[in-house]
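Please read the points below with the model open beside them. They are set out as a colleague's note, one topic to each paragraph.

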Amino acid sequence: MSGPGLVLRKLTLAIDDHVLLRNFELAIAPGRIVTVMGPSGCGKSSLLAAITGVLEPAFRFSGDILINGRTISQLPPERRRVGILFQDDLLFPHLSVGDNLAFAIPPDRRGVVRRTLVQDALADAQLGGLADRDPASLSGGQRARISLMRTLLSQPEALLLDEPFNKLDAVLRQQFRSFVFERAGRLGIPTLLVTHDREDAPAGEPILVWPDPGPGQIDVR
Amino acid sequence: MICWFPRLTAFLIVAPILMGFVGTLLPAFGYLPAIGGTTLTLAPWGALFATPGLDAAMFLSLWIGTATTLFTFTLVIFFSASWSGTRLGGAITRFLSPLVSVPPVAMAAGIAFLLGPSGWIFRALSPWATGFTAPPDFLLPQDRWGFSMIGGLMVKEVPFLFLMTLAAVGQEETKRAFQVGRSLGYGRMIAWIKIVLPAIYPQIRWPLYALLAYSASVVDVAMILGPTTPPPLSALVTRWFFDPDLSLRFVAAAAALLQSILVLSLILVWYAGERMVALFAGAWLRRGGRGAGGAIAAALAAGGMMAAIAVAVFGAGAMILWSVSTTWRFPNLTPTKLTLGNWAAGGAMLGNAIANTVLVAGASTSIALLLAIGLLEHAARRGGASSRGLAFFIYLPLLVPQIGFLFGIQMLLIRLGFDGTWVALLWTHLLYVLPYVILALAGPYRRLDPRYAQIALSLGASQARALWRIKLPILLRPVLVAAALGFSVSAGQYLPTLFAGAGRISTLITESVGLATSGDRRLLGVATVWQLVLPLLAFTIAAFIPAIVFRHRRALRPL
């Protein structure tokens, strides 16, 4: 399996003598959203950490991770172009809303272009005019949207979602879910969602139950 | 690049201690060519053991070290056990914390003013209760048994150990285990001692060893509050090192080595004591006794804490009054005439020393901060694997008695023509500043949500950019507090300044010890107030910068 999208090949993940995943295979085409379901503590977050490249040294990891045919498993995290959203928005508390967004824009965009990108992202999230605000002064829903816009501004080639709807109340949850899925689909980003709640998964997209550490395989192209 | 920090720091810390130790070991066996010792001999040891009063001096060191540590430990444990989480506990914590940054010499001088024959306590009692119309001829505060010195050290060390305990107790599991214990019918104090103490002891063990080593070998406080005939061994050693009779250097080196052996044995005995307690405590815990009362112990512990605070506050108050007084007759409680003249005279005399203090403290703190951040960042990237290494950097300098290797360093510096230089002074200060900077920064650094850095990396920022643009700004407040603590530690260093400065670079502390032992109270008052002002200033700046920088950032403002 290779080609466009996010591909995990023969992924094995273990800590001490405990195997979390064995020879796990997964392929996500651009614009598709795969949900991996599992109880807390099964290693979902570790799988995402392995993909973003920030796995703790205590874990053992083998296998290949490819994005659009490019092997990223040996790259440092900052060169993988994998965006991630956690259940906390994790807006940098010392930066303004606008600076949080600007931090994500690749450095080859300069001057006016950067400012325009920030303005457009804010407008897209229906938060125009909030660039100079303190992130702490925003509502939970607003912060969540900024957090997604920040990730998208870094032009990721894959998007990982680590239970990002968990801390929002029911109404906000629905709104933010469609906000995220709509943009990931529109931008054609392969997206991997891990959650313990089936309700989080988008309709019509594959749901994968966290495999026993035996061999597991799914191909959604 | 970050992977070089542990090695660089290890070199900066181990090299001087090791070389200093060798430089003390050789003269202790008669080898010091610079003053004519070219053969290895046991003569220095013979001379040392023939010194009258040596056994008393050794005993004093052991006694003061043991008593200070034991009393401090007991007070802190009983106070934490009976008052943690209460309103009174919170209030006392707020008053206690600033005491950590007060230089020991300032504290000692303040206490000497309180306890001395013409101190506030005797003034308050005279003449109506004591009948004295002139200062009595007592040997206070330098009493034979060193009680004033033990008290003085405790005022300084109780806050330190208490804060270390508080940090250890902060973990959620410990708090929950404590609540479970309470629900099983154990009273507050007994639940704390039976459940919390065993859990946190491993974390306060090394601070306790450091306290043991420090109080058994401290020199500056001993010179002000300690007994004099004989003084504790460390003060005796210092006296010999600076004696005009050069042949005493050999005896001093042997005595310095003896001091190190004493400290090591004290730590070993304490460790054996730990094992013994652990052996018997199991049965005691299994018996399930719920303990009785404890109200008296609780009251005593609170009283002890308040006494420590009161001593510090009144000591500082007495110093401030002396610094502006012209005449202050016994037994008046306040000076009869006030003046700012002492401050003018003090400024003229101390100006240079104050500038030196600020320079050394500022420079050594900056270096220590850089090293500490490098070490912590290295540990964070390795996934906390090197926290053992961190403990080594923190506690090695604090466990080795200063007197045991500073002489060796000085000999080496003289040999290299380096003594009395700023490099030498900065390096020796760094040995003591770095541990406290790491201690202060390690907790906040570890508690910082690692996902901030992960997010920054996933957005394409390099590790360095994530550190400088995200982590350090978020940690600005603890970084500055660590810096302020490092600054005050450096400003309080006596022996390192004395040896590495070689008399050519004097700081506020060396001047203050000189004034304290020679007896000009007005100038000593001025010098002591300066000693209090400098750390206060550092902590004030550390509080103001984040308040200004983050005035529009609610999440980073203090509650």
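The numbered points that follow go from conventions to sheets, helices and the contact between the chains.

1. This is a predicted model, in which local features need pLDDT of at least 70 and side-chain atom pairs count only at pLDDT 80 or more, while totals for chains, interfaces and linings use all residues. Residues are numbered from 1 along each chain as its sequence is written, and chains are lettered from A and ligands numbered from 1 in the order in which they are written.

2. Helices (H or I, at least four residues) and strands (E, at least two) are DSSP runs numbered from the N terminus, and two strands pair if DSSP finds at least two bridges between them. In chain A, strand β1 (residues 6-15) pairs with strand β4 (residues 59-67) in the antiparallel sense over eight bridges, with Arg60(A) in β4(A) as the bridge partner of Ala14(A).

3. β4(A) also pairs, again in the antiparallel sense, with strand β5 (residues 70-71) of chain A, here over two bridges, and Leu66(A) has Thr71(A) in β5(A) as its bridge partner. The two strands β4(A) and β5(A) form a hairpin with two residues between them, and Asn68(A) in the turn has a positive phi of about 50°.

4. A parallel, open sheet of five strands in chain A has the order β6-β7-β8-β3-β9. Its edges are β6 (82-85) and β9 (207-209) of chain A, each with a single partner strand, so one side of each is left without a neighbour in the sheet. Neighbouring strands of this sheet are turned by 20° against each other on average, direction ignored; axes are lines fitted to C-alpha atoms, for helices over the stretch in contact, and angles run from 0 to 180 degrees between N-to-C directions.

5. Within that sheet, strand β3 (residues 33-37) of chain A runs parallel to β9(A) and is joined to β9(A) by three bridges, with Thr35(A) opposite Ile207(A) in β9(A). Helix α1 (residues 44-52) of chain A lies across β3, β6, β7 (158-162) and β8 (191-195) of chain A, and runs at about 155° to β7(A).

6. In chain B, helix α7 (residues 147-169) packs against helix α9 (residues 188-217) at an angle of about 150°, with the axes 9 Å apart. That makes α7(B) roughly antiparallel to α9(B), a term for angles over 145 degrees. Residues of α7(B) including Leu153(B), Leu161(B) and Val169(B) take part in the contact, as do residues of α9(B) including Val196(B), Ile204(B) and Ser215(B). By class, this contact has 10 nonpolar, three polar and one charged residues, where Ala, Val, Leu, Ile, Met, Phe, Trp, Tyr, Cys and Pro count as nonpolar, Asp, Glu, Lys and Arg as charged, and the others, Gly among them, as polar.

7. Between the chains, the contact takes 22 residues from chain B and 23 residues from chain A, two residues being in contact if their C-beta atoms, placed from the backbone, lie within 7 Å. On the side of chain B that touches chain A, the elements giving two or more residues are α18 (450-458) and α19 (463-474) of chain B, and the largest share, six residues, comes from α18(B). The residues on this side of chain B divide into 12 nonpolar, six polar and four charged.

8. Phe92(A) deserves a separate look. Phe92(A) lies in the loop between β6 and α2 (97-104) of chain A and is buried, with 21 other C-beta atoms within 10 Å; the cut-off for buried is 20 or more such atoms. Leaving aside neighbours within four places in sequence, Phe92(A) is in contact with Asn100(A), Phe103(A), Tyr452(B) and Ile470(B).

Terms used:
Angles under 35 degrees count as roughly parallel, over 145 as roughly antiparallel, 65 to 115 as roughly perpendicular and the rest as oblique. A residue is buried if 20 or more other C-beta atoms lie within 10 Å of its own, exposed if 12 or fewer, and partly exposed in between; C-beta atoms are placed from the backbone.
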